[in-house]
Amino acid sequence: MLKQTTIQQTVRTVGVGLHSGTKVELVLRPAPVNTGIIFTRIDLQPPLVFPASATTVGDTRMASTLTNNGQRVSTVEHLLSACAGLGVDNLYIDVSAEEIPIMDGSASSFVYLLQQAGLQQQDAAKKFIRVLKPVEIREGSGASEKWARLEPFDGFKLHFFIEFNHPAVDGTVQTAVVDFEKVSFVKDVARARTFGFMQDVEMLRGIGLARGGSMENAIVMDEYRILNADGLRFDDEFVRHKILDAIGDLYLIGHPFLASYTAHKSGHGLNNQLLRVLLSQPDAYEIVSFDDEKNAPVTYAEQSQREWVAA
């Protein structure tokens, strides 16, 4: 049987919120079967729980934000991407502020933290969302058109196109395909960092965003070039980070996907709309498990051996 997983032991770290600029303590704890991913704001009295789900997402400006009773936990996508990439089904996440720390702007710090905690298999079947027919969401038209689509696929594959009309971005690969039957999340996706433009910083800070952003936790560009002294980690790091974001956004469905995801200029908002459209069509998906690992897609059957290396 392909089993559900959690972590073996509690681990913690401290960082800064990308948008709030606030110091944040993050604690990851093992959770029982069928718990899912549960965020808890431990700075509130009493502590407030935020289940990771498509329907608890509120604000999607620059990040995916979970809301409950007027409170929020924002920038959850990088940590959720690491959970999806390493196959963690059940996890308690305690956070001491309204935002998950940005760390280095990628998912690699969360991968390291999870690997330090160790993987624990649980005595229950892992559940998957199998897409049965294409589902799509579109916005805008012409040059401003954005879209995202889920289609049936025996595994998990993402195909992303970006378009920023910026010299530094245009000079890189702007299309990427990641098929997890063939590549590793840890090696090929997790290290791709978020990015931003200097000309947007004042505007973002004026609306309470990007207050913790720096070249330590993002790729930063002026009007012409990348300002980070170390350059890019991948030739296609910009589009790979969009794939990293999409993996985290899609994991808010509550289970790993058996699907192919394709997107053109999509973001957190469109990704969440796509999940809501899928959930509104009960004939478009089913929840499945694999009693025999031999029947499971390679993407997931080999995930623990591929991703859980010695940290």
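Student: Which residues in H1 are buried?

Tutor: This is a predicted model, by the way. In H1, the buried ones are Glu77, His78, Leu79, Leu80, Ser81, Ala82, Cys83, Ala84, Gly85 and Leu86.

Student: What makes helix H1 "mostly covered"?

Tutor: Buried means under 20% relative accessible area, and ten of the ten residues in H1 (77–86) are buried. Just past the helix, Gly87 takes a positive phi of about 75°.

Student: Why is there no salt bridge for Glu99?

Tutor: A salt bridge needs a Lys or Arg side-chain nitrogen within 4 Å of a carboxyl oxygen. For Glu99, the nearest side chain of opposite charge is Arg72, 7.5 Å away, so buried Glu99 goes without a salt bridge.

Student: What joins the side chains of Glu99 and Thr75?

Tutor: A polar contact of 2.7 Å. The cut-off for the N or O pair is 3.5 Å, so that one counts. Glu99 itself is in the loop between strand S8 (91–95) and helix H2 (108–117).

Student: Why do S4 and S5 count as paired?

Tutor: Pairing takes at least two bridges. S4 (37–41) and S5 have four and run antiparallel, so they pair. They form a hairpin with six residues between them, and Phe39 has Phe50 as its bridge partner in S5.

Student: Which residues have the most contacts inside the largest nonpolar core?

Tutor: Leu28, Phe39, Leu114, Phe257, Tyr261 and Leu278, in a core of 87 residues. Helix H6 (237–250) gives the most to this core, seven residues.

Notes. Residues are numbered from 1 along each chain as its sequence is written. This is a predicted model: local features need pLDDT of at least 70, side-chain atom pairs count only at pLDDT 80 or more; totals for chains, interfaces and linings use all residues. Side-chain values use heavy atoms; hydrogens and water are left out. A nonpolar core is a set of buried Ala, Val, Leu, Ile, Met, Phe, Trp, Tyr and Cys residues joined through side-chain atoms within 4.5 Å. Buried means under 20% relative accessible area, exposed over 50%, partly exposed in between (1.4 Å probe, protein chains only). Helices (H or I, at least four residues) and strands (E, at least two) are DSSP runs, numbered from the N terminus. Lys and Arg count as positive and Asp and Glu as negative; His and the chain ends are not counted. A polar contact is a pair of N or O atoms within 3.5 Å; within protein, one must be able to donate a hydrogen and the other to accept it, and residues adjacent in sequence count only if both atoms are side-chain atoms.
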